[in-house]
Amino acid sequence: GNEYLNYQDDWYVLDHGFEDDPEQGFVLIYYRGQNDAWAGYGGGTLYTRSKTISPEVLERVREATAKANVPYDKYWKVTDNTCAAEGDPAKLRTIYAEKLLEQAEMGFEEQLTLLARTTMNKVDQEEKLIVDAAKRLEKKTEKFVREEVNASEKAIEDSELAFEAPIRKLKEFFKPRR
């Protein structure tokens, strides 16, 4: 399924038989359905344990698909499901090992790429945190300096007033009187 599409499928066992016979046993499955993006899809599969389909089974499959209105010769195709021997087992193991190594290398490259991206994202996050902290520190420093300057100016004013008061009194005292 898919969380974005609503599906409605109907599955049918069109026919089955000879379950106890490894050469003849089969199950014929057909499905059809629709979702929000596609109305009227369908398909089917003939499951067997045999490499080939006997004429008897094929005839039953043709009859079952015709009854379901999906004629075999029009909608179905035969695929080759045989597993042909490739030859020397040692050579096959070597080919398999090479493919595994190739997949591991690709997986390693993907992991390195993911690690690099994650690292860059972390660096970007840390850099943003450092810049934000520096801005906060700058604002606090500016506030501290403003407060110190204001306090110093106030102290200077108070000192000036304290110094001027006795001088004013002396001036008053020595002021000629009329």
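The lining of the largest cavity divides into 2 nonpolar, 6 polar and 1 charged residues, where Ala, Val, Leu, Ile, Met, Phe, Trp, Tyr, Cys and Pro count as nonpolar, Asp, Glu, Lys and Arg as charged, and the others, Gly among them, as polar. These residues are Glu23, Gln24, Gly25, Thr48, Ser50, Thr52, Ile53, Ser54 and Val57, and the cavity has a volume of about 30 Å³. On a 1 Å grid over the protein atoms alone, a cavity is a set of points where a 1.4 Å probe fits but cannot get out, whereas a pocket is an open set with protein on both sides within 12 Å along at least five of seven lines, and lining residues have an atom within 4 Å of a point. Grid points are joined across faces, edges and corners, and a volume is the space filled by probe spheres set on the points.

The model is predicted, with local features requiring pLDDT of at least 70 and side-chain atom pairs pLDDT 80 or more, while totals for chains, interfaces and linings use all residues. Residues are numbered from 1 along each chain as its sequence is written, and side-chain values use heavy atoms, with hydrogens and water left out.

The chain contains 3 helices and 3 strands, which are DSSP runs numbered from the N terminus (helices H or I, at least four residues; strands E, at least two), in the order β-β-β-α-α-α from the N terminus on. Its radius of gyration, taken over C-alpha atoms, is 45 Å, whereas a compact globule of 178 residues would have a value near 16 Å by the rule of 2.2 Å times the number of residues to the power 0.38. The C-alpha trace spans about 145 × 50 × 25 Å along its principal axes.

The largest pocket has a volume of about 510 Å³. Of the 22 residues that line this pocket, Leu46, Trp76, Lys77, Val78 and Thr79 are the closest to its centre. Strand 3 (39-48) and helix 2 (72-75) each supply at least two lining residues, and the largest share, 6 residues, comes from strand 3. By class, the pocket lining has 9 nonpolar, 10 polar and 3 charged residues.

In all, 5 salt bridges are counted, each being a side-chain nitrogen of Lys or Arg within 4 Å of a carboxyl oxygen of Asp or Glu. One of them joins the side chains of Asp15 and Arg60 (2.8 Å, N to O), and this pair links distant parts of the chain, with Asp15 in strand 1 (residues 7-17) and Arg60 in helix 1 (residues 55-67), 45 residues apart.
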